Amino acid sequence: TLTGTEHAPDAVATVEAFDRGAGFSIVLDVAGLSPAPDDGYYEGWVGSVDGDEVGVGTFHMRGGDDTVVLWSGVDLAVYTTLVVRAVGPDGVGDTVLSGAFVAP
């Protein structure tokens, strides 16, 4: 489960990851996260215990859909944390969701 930060305290998401052979699909069931502004988006990042991060995709939630699918080409047994950042037009992003998950 991902929990909201001070930037989105009501946001939560459950995470399921699936090995698809060529990579991993990461399915988020999101609740309480406001749609990104028209000039912004959300970006997912998986992280390792060494502090390395790899981007796994972007989304905006403006369609009201609460299910998001992100994709990872790195081993989720090594990259076991997930953060979602709200990114604005300046490219800077505040973390809105974070947590750890179990690799498939």
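How many bridges join β7 to strand β8? There are 7, and the two strands run antiparallel, with β8 covering residues 93-100. Strands here are DSSP runs of E with at least two residues, numbered from the N terminus, and two strands pair if DSSP finds at least two bridges between them.

Before going on, the provenance. This is a predicted model: local features need pLDDT of at least 70, side-chain atom pairs count only at pLDDT 80 or more, and totals for chains, interfaces and linings use all residues. Residues are numbered from 1 along each chain as its sequence is written, and side-chain values use heavy atoms, with hydrogens and water left out.

Back to β7 and β8. They form a hairpin with 5 residues between them, and G91 in that turn has a positive phi of about 85°. Within the pairing, A86 stands opposite D94 in β8.

β7, residues 79-87, is also joined to strand β4, residues 41-48, by 8 bridges, again antiparallel. There, V46 stands opposite L82 in β7.

Now the whole chain. The protein has 0 helices and 8 strands. Its C-alpha trace spans about 35 × 25 × 20 Å along the principal axes. Buried residues, meaning those under 20% relative accessible area with a 1.4 Å probe, protein chains only, make up 38% of the 104 residues.

Last, contacts, defined as heavy atoms within 4.5 Å. Among those between residues at least 6 apart in sequence, 57% join residues at least 24 apart.

How values were computed: Helices (H or I, at least four residues) and strands (E, at least two) are DSSP runs, numbered from the N terminus. Buried means under 20% relative accessible area, exposed over 50%, partly exposed in between (1.4 Å probe, protein chains only).
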